[in-house]
Amino acid sequence: MHVSNDQPHPILIDSSRELQRKLYLAAKRSRNRRFHALYDRIHRPDILWRAWMEVKANGGSGGIDNISFDRIEQDGVENFLRSLEEELKRKEYRPSPVLRVNIPKPDGSKRPLGIPTIRDRVVQQACKIIIEPIFEANFLENSFGFRPRRSATQAVTEVRNSLVYNWWVVDADIQKYFDTIDHEILTKLLRRRISDRRVLKLISQWLKAGVVDNGKFQPSELGSPQGGVISPLLANIYLHVFDMYWQRDCEHLGKLVRYADDFVIICRYESEAKEALRVATKILERLKLRLHPVKTRLVRLDKDGFDFLGFQFRKSRSPKTGKLVPYFWPSKKAMKSIRAKIKEFTTRQQCWLGLPGVALNLNPIIRGWKNYFRAGNSTLQFQTMDRYLLYRLFHFALKLRGNRAGFFGVNDFQPLYAACGFERFYYPGGTGTHRTRMPKEE
């Protein structure tokens, strides 16, 4: 079937989804079935076209070859995908090393991110399209990260509901999880469902492709690089063992809620929490993983809180009933992160954008942050961020006027603020009115 250079025919996308549905149902009917004829489906034209569309939608830069999406589109997407199809058919495809980029974290440390080439990302996405439904049939309800129709919001809601009658939490942190995944163990777990050696070899090639850091090649004997399209699925396959052990032998100790490598165990009593931590440590050691000795802790909810997926959870007295009930709101780290983004777009260097340009850049960030955290008890934090936003924008407007503030007060700024269409974090009573008191920077 011929497809245009811009978009695949809709029938191709529908056929790829139908294939996924059949694989999922077959895997669901037989939890121990091993699938063999998978490799030939990875290089099907409909699968490659869908993989290309999904990789392009996620954006990002090129890897070590510096080939961008624009370059591929200029040369022709159809030619690019046909070339990949032929390489895979002839078994000549070989992945490139990933480009390592260190992303600064709020605590001052850096997170290594591996960026595969777009070519490798498309093949990884095609492989994921084929094998994900098979493993999804086995994944358990306590796992929420990077799965179809599951989200972080569902995870935090599950945690909040589980806290109502429980008082202790194992706040866990796996030390350098993506860097310490054991390739041999992962391969054995993949073989439980996949008998096609060509697919297993493909995944092994990605795991062992190595990284290029500051121009120097480093082999990869452990881990799965963060940034790889297929890495989140492999991470879930690896920790599914932990989920299974917990459901089978340890559920009486507490509720396990996991989002990728972040998890908490919610317990009723201190003795159960201590035992849960001991058992979790033992299970993870079998997977050659370690809990962080400093970041992993036991939390008593009426004394302290814990952070999970950007929220801080804590039990406080309800103003209506006086009883201790669970609340959750944006964590200090989440508040610091959104302040940093607002500040980034309201410096003197951004004056060339003007207020409408700043609104264009900031509004999607504010909207996304607000929509995520509105699931919690976040009113006070939203009001705080509104004050901070007003503070930054007021002084940004002063910079635009050359800091001549004698004729430009906060009340004069209100109509301008509204006219530029800035998103608000909080609308009291749905009116959208803003406090006119000039806040201090927080």
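Student: In this predicted model, does aspartate 196 count as buried or exposed, and at what relative accessibility?

Tutor: The side chain of aspartate 196 meets that of arginine 198 in a salt bridge, at 3.2 Å from N to O. Arginine 198 is partly exposed, with a relative accessible area of 29%. Buried means under 20% relative accessible area. Aspartate 196 therefore counts as buried, at a relative accessibility of 4%.

Student: How many residues apart are lysine 255 and glutamate 158?

Tutor: The side chains of lysine 255 and glutamate 158 meet in a salt bridge, with 3.2 Å from N to O. Lysine 255 is partly exposed at 31% relative accessible area, and glutamate 158 is partly exposed at 26%. Lysine 255 lies in strand β6 (residues 255-259) and glutamate 158 in helix α7 (residues 152-162), so the pair links distant parts of the chain, 97 residues apart.

Student: What separates glutamate 184 and lysine 188 along helix α9?

Tutor: The side chains of glutamate 184 and lysine 188 meet in a salt bridge of 3.7 Å, N to O. Glutamate 184 is exposed, with a relative accessible area of 53%. Because the two residues are four residues apart in helix α9 (residues 183-191), the separation between glutamate 184 and lysine 188 is about one helical turn.

Conventions: Residues numbered from 1 in each chain as written. Predicted model: local features only at pLDDT ≥ 70, side-chain atom pairs only at ≥ 80, totals over all residues. Heavy atoms only, no water. Salt bridge = Lys/Arg side-chain N within 4 Å of Asp/Glu carboxyl O. Buried < 20%, exposed > 50% of the residue type's maximum accessible area, 1.4 Å probe, protein only.
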